Amino acid sequence: MNRLRRWAEVVAVELGIAVARVLPRRGLLALGGAAGALAGRIDRRHTAIARENLRMACGDALPEAERERVLRICWRHFGRITFDALALPHLDTAGLDAILQVEGIENLREALAQGRGALVFAAHHGHWEAGAYATARHGVPSAIIARPMDNPLLDRRLLQLRRGGGNTVIPKRRAVRESLRALARGECVAILIDQDAGADGVFVPFFGRLAATTPTLAVLALRTEAPVLLMFTRVEADGTISVHIGSVVPTRPTGDRIADVLRLTAECTRMVEGWARRSPEQLLWMHRRWKTRPPGEAAAGA
């Protein structure tokens, strides 16, 4: 069954790619939204996870009816960007420029000009796959740290997508070693920091609750003195994708490596949360963000 499921997933993606090549973007987004809404009804497990995450993150500040509305929009949103991502490799220069609106690219260029490379952190919010295309379109391709998918057949397809525009991919299991090499070459390294990091994570606040968060960003920054910048993406009402690149985040090393890693990780996570609160319906709530708990505290979520 595992083998059959893997092939079924590949066939589904190949069909999606075929549709993405011929369907106008407006129709593709509409189809993706409908597919996302259907997935939300069928996939009860991840809907339950998202519902519980929203409850833990927002509590009484967001009434239950509003949380349910956010959840419905969230499923449609991720359906849209999934289909949209399949079309990205097939868009020409004019097509990409029409949908990608980049703010702050000069911040990244100035950081790279220091000669130590740059570390860009982001979240599973908005249209993060398009963010790498956006910087590459402006002459700054990235080495993207990513965990390989469980389905190796599907992973090969995703690699093709992520390498668009001249980007490269660093497997998560070799993240530190290969990132150090990329930074030494003066390149940009991108990492998503908003998912549960398990036993390898450090606990920092996220929406008012401690979350196991990857320390890789902070470890690399403190070891190499590479500038650290936030990239945040959001899909606007007209379908365009806004890509915001912030100014350099101060690292302020004190010599206490453990405390410095914890502090920098907490600061970057706080920045991600601040942006996510502006459009929570575009955050990936279906992931068990608070699965790993500090010692002595029970696991969270469904």
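Predicted model: local features only at pLDDT ≥ 70, side-chain atom pairs only at ≥ 80, totals over all residues.
**Exercise 1.** Decide whether the radius of gyration of the chain agrees or disagrees with that of a compact globule.

*Solution.* Step 1: for 302 residues, a compact globule would have a radius of gyration near 19 Å. Step 2: the chain has 19 Å, so the value agrees. Step 3: for the outline, the C-alpha atoms fill a box of roughly 50 × 50 × 40 Å along the principal axes.

**Exercise 2.** Classify the aromatic pair of Phe207 and Trp285, and locate its two residues.

*Solution.* Step 1: the structure holds five aromatic pairs. Step 2: in the pair of Phe207 and Trp285, the ring centres lie 5.4 Å apart and the planes are at 65 degrees. Planes over 60 degrees apart count as edge-to-face, and this pair is edge-to-face. Step 3: Phe207 sits in the loop between strands E6 and E7, while Trp285 is in the segment after helix H11, 78 residues apart.

**Exercise 3.** Are Phe207 and Trp285 buried or exposed?

*Solution.* Step 1: buried means under 20% relative accessible area. Step 2: Phe207 has 4%, so Phe207 counts as buried. Step 3: Trp285 has 2%, so Trp285 is buried as well.

**Exercise 4.** Name the residues that ring pairs link into a cluster.

*Solution.* The cluster consists of Phe206, Phe207, Trp285 and Trp290.

Technical notes. Residues numbered from 1 in each chain as written. Heavy atoms only, no water. Rg over C-alpha atoms; globule rule 2.2 N^0.38 Å. Phe/Tyr/Trp six-rings, centres within 6.5 Å; stacked < 30°, edge-to-face > 60°. Helix = DSSP H or I, 4+ residues; strand = E, 2+ residues; numbered from the N terminus. Buried < 20%, exposed > 50% of the residue type's maximum accessible area, 1.4 Å probe, protein only.
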